[in-house]
Every structure is written in C-alpha cells, then in structure tokens.
Amino acid sequence: MYSIRSGVTTFVAFFSLFGSLYAVPLVEKLDRLSPSARDLLKRSTPAAPHFLAYNDKWLNPFPSSSDLSGFNVFAVTFLMASGAVDQAQNWEGLTSSQRSAYLSEYNAAGISLIVSAFGSTETPTSSGYDPVTTANTMAAWVIQYGLQGIDVDYEDFAAFDIGNGSAETWLISFTQQLRTQLPQGNYILTHAPVAPWFSPNVWSGGGYLAVHKSVGSMIDWYNVQFYNQGSTEYTTCAGLLTTSSSTWPETALFQISANGVTLDKLVIGKPATSSDASNGYIDPSTLATCVSEAAGNGWYAGVMVWQYPDATSSWIATVRGTLWPVSRKRTASSSGSCADVSAWDSIVHVSGDDVTYK
C-alpha cells in the first residue's frame with residue numbers, strides 16, 4: 001500500500017482514554033472503566049464478516065459514521081517506527097474530546113477504528129528495527145490515542161526475498177510482543193500480507209505460511225492484498241478464488257486455505273479504483289459476484305479496500321450485494337404501530353448492523 005508522508009507538524013497529546021490508568025495492572029484498568037468504555041473494549045474484536053477501509057488521505061474532519069455506512073472497520077494510516085504520519089498523524093493531532101466524540105459515534109455504529117503500521121515506505125527488518133521495542137512503542141501509541149487495534153502492513157520485500165527467514169522471524173517476534181501489550185479479545189490485531197507471500201515452496205523462510213503456523217492464533221484476520229502483483233494476477237473470480245497463476249502458485253483464496261489458513265481469517269483485499277493500485281483492480285459489480293461465489297463455498301471473512309474515500313458507502317454496498325446488504329434503519333409509522341414493519345428481513349445481519357425492536 002502507498003504512503004504519503006505528511007510534513008505537517010502536530011503536537012503530541014498526552015491525555016487519552018486510558019491515560020489516567022497508566023501503570024495500573026490490566027485487570028484493574030478494565031474494572032475502573034466506565035460501562036461505555038467496557039462496551040467499547042468488548043466490541044473491539046468484531047465477528048466476521050469484516051468490511052475494512054483504509055484511509056491514507058488527509059481528511060479533516062474525519063468521516064462520519066454515516067459516511068462509512070457498510071464498513072465495520074476503519075484503518076487510519078500509517079504508524080511508523082518513528083511515529084505517526086498521514087491520517088494517523090491527523091488523528092494524533094485532534095484534541096482528546098474530538099477523538100472521544102469520533103470513537104463514541106463509531107462505536108455506536110459498530111465501526112472499529114484501528115491504525116495501520118509501516119506501509120510500503122518502511123522496511124522494518126532490513127532497517128534493523130528491533131521487533132520487541134517497535135511493538136512496545138506502537139502498542140503504547142494505540143492505547144494512548146484510544147484506538148481499538150492495529151493492522152500490520154509489513155512490506156519489507158527485500159527481507160522476504162533474501163530467503164534466510166529474517167522477515168518471518170521478525171514478524172513472529174513483533175506479533176508476539178504486540179499481543180503482550182494488546183490482549184486478544186480486547187484489541188484487534190490484523191496483518192495485511194500480499195497474496196504471493198502465502199505461496200508454498202517459494203520462500204525459503206516459509207513465507208506467511210510460517211508466520212501463520214507460529215502466531216496465526218494471535219492474529220484476528222489477514223487483509224490479503226490481492227493486487228499490485230502483476231497485470232493479470234487475481235483479476236478474475238477464478239484467479240482470485242480458486243486457481244492462481246504459475247507466477248504465484250497456490251495463492252488464490254481457497255488455495256491459501258487448503259495450505260492451512262482457515263477461511264474465516266482470509267479477508268479479500270482489493271483497490272477501490274484502477275488508480276488506487278498498479279494492477280489487480282476488479283470493478284465492484286464483478287467483485288460482488290466473486291464474493292457471492294466464495295460465500296457459496298463456505299467463505300465469509302469479508303472484504304478490505306484500499307482506500308476510502310475512493311471507496312464510498314456505495315462501493316461497499318455494491319460489493320456486499322444481496323449476500324450482506326447494507327442495513328438501513330426500519331422504524332414504525334407515525335401512528336406508533338409496527339404493523340408496517342416486518343418482523344424479520346430475509347437477510348444476514350453482520351457486525352455493525354443495528355437491530356432494535358421497541
């Protein structure tokens with residue numbers, strides 16, 4: 001994924017949702033939280049399907065929950081080893097009251113706010129960053145600024161290409177340390193590997209199959225980048241779902257699953273428009289067909305897109321289609337009778353849907 005480094009200088013805000021609980025054991029932190037804050041944490045790891053939108057464009061104000069209708073995870077980018085840049089820096093620069101207001105609004109709408117780490121411009125392993133120290137620093141930022149988790153968009157291609165296992169070892173150690181600071185069930189932890197890294201017998205260090213075997217249980221899901229891997233790669237439903245090319249063998253969705261990664265962890269990642277990636281674009285209507293086909297074969301993990309606002313609520317509504325239609329509020333008539341509202345719609349409700357009967 002791309003990163004546009006911002007030169008805007010922002011102040012560091014020390015107050016956060018958990019600031020007053022600093023140095024207090026985790027159990028006591030949870031006990032002291034308000035009911036609304038505890039509810040926020042309980043909802044930090046949403047159930048599949050996941051509909052995630054990245055954002056690397058400087059948006060001020062942040063999108064409203066209605067702007068993000070159809071998505072249930074919003075990832076601001078990027079958190080680097082040196083600090084926040086781009087939209088993550090924008091979040092950092094808000095006042096604590098502004099951040100709290102956005103978090104409350106998103107939480108009420110069933111939208112989790114997370115930060116994405118690294119991106120295409122940072123090479124953690126090749127640059128010699130210590131994985132434990134980096135994980136501690138990033139986890140502290142997540143907690144300080146009240147986010148609900150972190151996405152690991154590791155794109156150190158040189159480290160993978162060396163084939164000595166250094167990339168895999170770094171990722172495993174980094175993930176393990178993140179989980180000591182961001183407990184599973186309380187915080188979202190995702191990875192965003194490119195699909196070819198799941199190819200068996202290509203990466204001497206084992207690639208992402210080795211990462212998954214070691215720490216896959218700690219990772220909530222993978223936002224798999226099925227793009228930027230070649231002009232004809234993953235551009236049809238067949239190439240995306242069942243049979244990848246010989247260039248990157250066994251890296252279509254169901255092939256990755258056959259090699260040991262459960263389907264519920266494999267979120268399909270695609271660019272919003274042809275200009276959002278070098279290649280790999282599928283128009284939303286066709287992608288909806290692919291999604292429906294995958295669901296018919298037992299997959300339900302969800303869809304990731306790079307990036308909002310190029311992918312709007314209309315984009316995700318099209319991709320979700322009739323399989324997971326974007327819910328709309330249903331209310332009774334002005335007379336107060338519910339006679340005109342059916343008891344149930346014949347749809348599948350997902351995380352982020354608000355179903356209330358009064």
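Is D220 buried or exposed, and what is its relative accessible area? In this predicted model, D220 is buried, with a relative accessible area of 14%.

**Salt bridges**

The side chain of D220 meets that of R179 in a salt bridge, with 3.0 Å from N to O. This pair links distant parts of the chain, since R179 belongs to helix α7 (residues 166-181) while D220 lies in the loop between α8 (207-215) and β7 (221-225), 41 residues apart. R179 also counts as buried, at 9% relative accessibility. Because buried means a relative accessible area under 20%, the 14% of D220 places that residue in the buried class.

A salt bridge is also formed by the side chains of K57 and D310, at 2.9 Å from N to O. Here too the pair links distant parts of the chain: K57 sits in the loop between β1 (50-55) and β2 (73-80), and D310 sits in the loop between β9 (302-306) and α12 (313-320), 253 residues apart. K57 is partly exposed, with a relative accessible area of 29%, and D310 is partly exposed as well, with a value of 26%. The count of salt bridges in the model comes to two. As a general point, side chains of opposite charge can pair when their charged atoms come close.

| Salt bridge | N to O distance |
|---|---|
| K57 and D310 | 2.9 Å |
| R179 and D220 | 3.0 Å |

**Confidence along the chain**

The mean pLDDT of the chain is 86, and 79% of its residues reach 70 or more. Over residues 3-31, however, pLDDT stays under 50, and for this stretch the model has 54 contacts beyond four places in sequence.

**The nonpolar core**

The largest nonpolar core has 98 residues, and those with the most contacts inside it are F74, W91, I150 and W299. Strand β2 gives the most to this core, with seven residues. When neighbours within four places in sequence are left aside, the residues in contact with I150 include L79, I114, V115, M138, L178 and L189. In soluble globular proteins, nonpolar side chains tend to be buried together.

N72 is found in the loop between β1 and β2, where N72 is buried, with a relative accessible area of 0%. A polar atom of the N72 side chain lies 2.8 Å from the backbone nitrogen of F51. N72 and S112 are 40 residues apart in sequence, yet their C-alpha atoms are 6.1 Å apart in space.

Key. Residues are numbered from 1 along each chain as its sequence is written. This is a predicted model: local features need pLDDT of at least 70, side-chain atom pairs count only at pLDDT 80 or more; totals for chains, interfaces and linings use all residues. Side-chain values use heavy atoms; hydrogens and water are left out. A salt bridge is a side-chain nitrogen of Lys or Arg within 4 Å of a carboxyl oxygen of Asp or Glu. Helices (H or I, at least four residues) and strands (E, at least two) are DSSP runs, numbered from the N terminus. Buried means under 20% relative accessible area, exposed over 50%, partly exposed in between (1.4 Å probe, protein chains only). pLDDT is the predictor's confidence in each residue, from 0 to 100. Contact means heavy atoms within 4.5 Å. A nonpolar core is a set of buried Ala, Val, Leu, Ile, Met, Phe, Trp, Tyr and Cys residues joined through side-chain atoms within 4.5 Å. A polar contact is a pair of N or O atoms within 3.5 Å; within protein, one must be able to donate a hydrogen and the other to accept it, and residues adjacent in sequence count only if both atoms are side-chain atoms.
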